[in-house]
Amino acid sequence: MSTILDAAAPTKLRHNRPYLLLMSGKTTQLVGAGIGAFAVPLIAFQVTGSVARAGLVAAVGEVGALLAALPAGVVADRVDRRRLIIGAALVGAVLWASVAVAGVLGHLTAAHLAAVLFAASLVTALEGPAESGALRAVVTPEQMPTAMAAVQGRSAVATLAAAPLGGLLYGFTRFLPVAAAAVAHVAVAVCTAFVRVPLSADVATERETHPVEALREGLRFVWSRSFFRVALLLSPLINLTVNGLLVAVNLDLVRQHTEPLLIALIDTVAGAAMLGGAVLAPAVLRRVRVGTVLVAALAWIAVCFVAMAALHTYTAYVVLTALAVLPLGPANAGTSGYVAAVTPPRLQGRLASVMSLSYLLSAPLTPALAGGLLAATGLQVTLWVFAGVLAVAVAAFAATRAAAGIGTPDTWAADALPDDAEA
């Protein structure tokens, strides 16, 4: 954690105690969640005995997040965000602990695992908008690009650490990774409890607004921006193909009884590449327009995945996954920073929840589609299907020119709406 901040953050951000507490807690949680996520496909396969049914179990888990996405943003803008984050984290800890205990006792079933994945994803969906709003509350607009680069670095550290730790813990006992996920949820609750500054805007006014009208206001704000509109329409397809391809690779390696540490190596190398991209992000964003960075990154991912489908080897999976995610640090940092910078503080939770639909709409389909295609056609055909659709989606996104107006961070203030602006 300190490595990322030392490399990417200005002095004021490094000494921003509330920011560091929020980042430290969430980083620990992400590492724990990554460790648990590494083990879930393996556990699901062992419980069900089928890659297709294992994919369906994972798909059920994503439905909770989808159902909670829009209400979560309204809740995050109407309640104390600190209490919401702490409460959600503690519930998540109990859920993952139940899987570990049931597994150790030999009573874990596919229904139990699916139910926990469903509830845990619902809790995470509630927590996400609150965390986004909390970060915006403790970070100034000038610090936003660097803070978002650090957030990307945080994700990279989680990916880098989670895969080998997940493989190592799974090697001891297959339910140790989910126990680690439970402990990590406790850590985020503890860190957030020590944040003493307000993490919410004045919620009295928001509580006077009917929840349905509050949701409509958030939706109107998002739809008022061309970039947001295009992202909502095309990002689900992009996320479906990117994540579907990676899930298919992992499921096929599990089916072939590949060593867990070799499966984890793909995520480890990808995490190292993401970390490198996150460290470079502040320098890149100062010099290159965010819109250009985003379109170039998506095009590069499509090229790498087409090459992966063509080569179809383990070495290609490792190398090309790392190359594909390398530009994600600057692209995600720039996009997230811009979105947060132009959104009024009172709408931060709703903005985060609405934009999360770009992932959540595809999340339930991803493991089910990947598992179904893999079982029906084999890995190489599955890779070609996902890579081909991704290339088409990226070309469509570039053709809309929706990202063309997003400049370097020094131009974002001109795009921002005042806090009392109408959505």
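Predicted model: local features only at pLDDT ≥ 70, side-chain atom pairs only at ≥ 80, totals over all residues.
1. Thr27 counts as buried, because its relative accessibility is 8% and the cut-off for buried is under 20%. Thr27 belongs to helix α3, which covers residues 17-48.

2. On the overall fold: the protein has 19 helices and zero strands. The radius of gyration is 20 Å, close to the 22 Å that the globule rule gives for 423 residues, so the protein is as compact as a globular protein of that length. Along the principal axes, the C-alpha atoms fill a box of roughly 55 × 45 × 40 Å.

3. On burial and surface: 54% of the 423 residues count as buried. The protein exposes about 16,900 Å², and carbon and sulfur atoms supply 68% of that area. As for contacts, consider those between residues at least 6 apart in sequence: 87% of them join residues at least 24 apart.

4. Helix α18 deserves a careful look. This helix runs over residues 379-400, which makes 22 residues; at 1.5 Å a residue it should span 32 Å, and its end C-alpha atoms are 32 Å apart, which agrees. The residue that follows α18 is Arg401, and its phi is positive, near 60°.

5. Which residues of α18 are buried? They are Leu379, Thr382, Leu383, Phe386, Ala387, Leu390, Ala393, Val394 and Phe397. Seen down the axis of α18, these buried residues fall within an arc of 130°, so they line one face of the helix.

6. What covers the buried residues of α18? The cover includes four other helices: α11 (226-255), α13 (290-311), α14 (314-325) and α17 (365-377).

7. Helix α5 can be checked by length too. It takes in residues 81-105, 25 residues in total, and reaches 36 Å from its first C-alpha to its last, close to the 36 Å expected at 1.5 Å a residue. At the start of α5, a side-chain oxygen of Asp80 comes to within 2.8 Å of the backbone nitrogen of Arg82. Just after α5 comes Gly106, with a positive phi of about 80°.

8. His257 is in the loop between α11 and α12 (260-287), while His312 is in the loop between α13 and α14. Are these residues buried or exposed? His257 counts as exposed because its relative accessibility is 65%, above the cut-off of over 50%. His312 counts as partly exposed, at 29% relative accessibility.

9. Ala65 is a residue in helix α4 (residues 51-76). Ala65 is buried, with a relative accessible area of 6%. Leaving aside neighbours within four places in sequence, Ala65 is in contact with Ser121, Leu122, Ala125 and Leu360. How far apart are the C-alpha atoms of Ala65 and Ser356, which are 291 residues apart along the chain? They are separated by 9.4 Å.

10. Tyr359 sits in helix α16 (residues 348-360). Tyr359 is partly exposed, because its relative accessible area is 36%, which lies between the cut-offs of 20% and 50%. Not counting residues up to four places away in sequence, Tyr359 touches Glu62, Asn239 and Asn243. Tyr359 and Thr382 are 23 residues apart along the chain, and their C-alpha atoms are separated by 20 Å. Thr382 is one of the buried residues of α18.

Definitions and conventions:
Residues numbered from 1 in each chain as written. Heavy atoms only, no water. Helix = DSSP H or I, 4+ residues; strand = E, 2+ residues; numbered from the N terminus. Expected span 1.5 Å × (residues − 1). Buried < 20%, exposed > 50% of the residue type's maximum accessible area, 1.4 Å probe, protein only. Arc of directions from axis to C-beta. Contact = heavy atoms within 4.5 Å. Rg over C-alpha atoms; globule rule 2.2 N^0.38 Å. Areas by Shrake-Rupley, 256 points an atom, 1.4 Å probe, with all protein chains shown as cover. Polar contact = N/O pair within 3.5 Å; in protein donor to acceptor, adjacent residues only side chain to side chain.
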